[in-house]
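Good morning, and thank you for coming.

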Amino acid sequence: MNQRFYIKTLSIVLVGVLAGCAIGPDYQRPSTAQSADFKQVEGWKLATPANTTLPESWWTLYNDVELNQLQQKLLMANQNLAQYEARYRQAIALVKGARAAYFPTVSANVNSTRAQQGKGNTVTDSYDLGPSASWELDIWGKIRRQVESAKADAQGSQADLAAAKLSLQSELAQTYLQLRIMDIHQQLLDHTVEAYRKSLTLTENQYNAGMVVKSDMTQARTQLKNTEAQAIDIKYQRAQLEHAIAVLIGEAPANFSIKATYKVPPLPVVPKVLPSQLLERRPDIASAEQQVISANAQIGVAKAAWFPDLTLSAGAGYSSNSFSHWINSPNRYWSLGPKFAMTLFDGGLIRSRYEQAEAAYDEKVANYRQTVLNGFKEVEDYLVQLYIMEQEAIVQKEATDSAKESLQLITNQYEAGMIDYLNVATAQYSALNTERTGITLLGNQLTASVKLIAAIGGGWDITKLTKEE
């Protein structure tokens with residue numbers, strides 16, 4: 001009779017578990033402020049065809065073999081990236097741990113006890129052997145919500161890993177491109193120093209011949225030395241960039257160097273995306289949303305605490321006071337039974353935890369919405385920056401061409417004895433600064449292009465999140 005009762009009870013409970021649903025709200029993506037298109041979209045050069053997507057290895061758009069090699073080294077050896085990867089593995093392990101609650105806990109016990117109660121009483125021995133099992137049935141979906149939360153945390157950790165990877169790749173690309181800009185600065189300054197040396201020699205010859213005053217010679221020497229100092233300073237700046245690249249790829253700066261080259265990658269064409277697509281492309285937005293999903297599931301976990309827990313326990317084995325007759329049929333026992341447990345009074349503890357879970361959810365929603373807004377802002381910032389700098393580059397080229405022409409005219413006048421060297425020095429200074437400004441502007445354009453690519457998520461999209469079943 002009792003055995004049939006327990007079997008019937010177990011069957012009813014199992015049907016209820018299989019047919020039940022998880023307590024708590026099901027997740028719905030929070031609404032966010034959006035627009036149909038970006039305000040600064042006029043700064044976005046469209047790719048051909050217009051629906052071209054960014055490759056996962058987005059830095060290949062710059063067509064630089066050495067940059068490609070450095071990015072591969074970053075993926076293999078960057079230690080910050082290794083930390084995020086380890087955190088992701090921890091999150092995956094936590095999902096497995098949460099899933100373990102779906103299954104019974106089975107243990108085996110072997111006990112030998114010798115005891116005496118009261119002085120002078122007989123000492124008794126007891127021997128127990130047998131397995132036991134307990135299983136908390138997920139009637140209210142608490143375990144399902146815990147697993148849901150852990151899965152969201154794992155996917156959020158994976159998105160954090162992708163965001164860190166994108167950030168480091170962007171940093172490496174920006175640093176490398178700036179190093180190449182420094183090479184161009186170095187080339188310009190080296191050529192300028194050589195030209196100024198020739199000018200100084202010419203002026204010295206003219207002074208020795210009595211054709212110019214001494215101030216012309218000292219002015220030419222001052223101009224040369226100032227430019228030599230700039231050329232030396234560039235070496236220091238380039239070395240810092242080289243050291244930064246070494247650390248990014250996991251190498252000691254003393255063991256790493258990049259050969260100078262005087263070719264700068266062209267500005268790439270970045271495929272256009274819409275604001276609505278940004279939600280699927282940026283890993284930081286995906287991470288923020290997974291935090292919302294996890295917090296939403298925790299509301300269900302907190303709510304389930306108001307309902308009774310049902311645990312099935314079972315045990316069997318042998319128990320005897322004699323070791324010699326321990327494993328014997330008369331000493332065999334078994335037990336099976338359900339256990340309901342419910343908190344009747346806790347001074348408001350369960351309610352406080354439920355309210356805490358709701359507040360935590362509201363916090364994550366606000367963080368998600370703010371992350372989306374920051375993403376829109378970044379794209380708008382880099383779009384307008386590229387658009388304005390493109391116009392600036394046109395005017396800057398005109399200024400550089402004009403400065404070069406002016407320098408040539410003034411140099412001709414000086415060689416003809418029509419003006420003193422101060423006019424030449426002023427024209428040289430203006431021409432050099434104008435040309436260096438143009439090079440710096442090109443570097444800023446390259447940096448902005450990298451930042452724009454990172455702002456739209458690089459080659460990542462939300463489908464790259466592992467779906468934990």
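Arg89 has a relative accessibility of 49% and therefore counts as partly exposed; buried means under 20% relative accessible area, exposed over 50%, and partly exposed in between, with a 1.4 Å probe and protein chains only. This is a predicted model, in which local features need pLDDT of at least 70 and side-chain atom pairs count only at pLDDT 80 or more, while totals for chains, interfaces and linings use all residues. Residues are numbered from 1 along each chain as its sequence is written, and side-chain values use heavy atoms, with hydrogens and water left out.

Arg89 forms a salt bridge with Glu85, and their closest N and O atoms are 2.9 Å apart. By salt bridge I mean a side-chain nitrogen of Lys or Arg within 4 Å of a carboxyl oxygen of Asp or Glu. Glu85 is also partly exposed, at 32%. Helices here are DSSP runs of H or I, at least four residues, numbered from the N terminus.

The structure holds 22 salt bridges. In helix α8, residues 349-415, Asp381 and Lys377 are likewise 4 residues apart, and their side chains meet at 2.7 Å, N to O. In helix α4, Arg145 and Glu148 are 3 residues apart and form a salt bridge, also with 2.7 Å from N to O. Arg145 is buried, at 4%, whereas Glu148 is partly exposed, at 24%. Salt bridges also link Glu66, Arg180, Asp183, Arg238 and Glu242 in a network.

Beyond its neighbours within four places in sequence, Gln186 is in contact, meaning heavy atoms within 4.5 Å, with Ala231, Ile234 and Lys235.

Asn63, in the loop between α1 and α2, is exposed, at 63%. Its phi is near 50°, a positive value in a residue other than glycine. Most residues other than glycine have a negative phi.

Finally, the cavities. A cavity is a set of points on a 1 Å grid over the protein atoms alone where a 1.4 Å probe fits but cannot get out, and lining residues have an atom within 4 Å of a point. There are 2 cavities of 30 Å³ or more. The residues lining the largest cavity include Glu136, Trp140, Lys142 and Asp309.

Terms used:
Helix = DSSP H or I, 4+ residues; strand = E, 2+ residues; numbered from the N terminus. 1 Å grid on protein atoms, 1.4 Å probe; cavity = no way out; pocket = protein on both sides within 12 Å on 5 of 7 lines; lining within 4 Å. Points joined across faces, edges and corners; volume = space filled by probe spheres on them.
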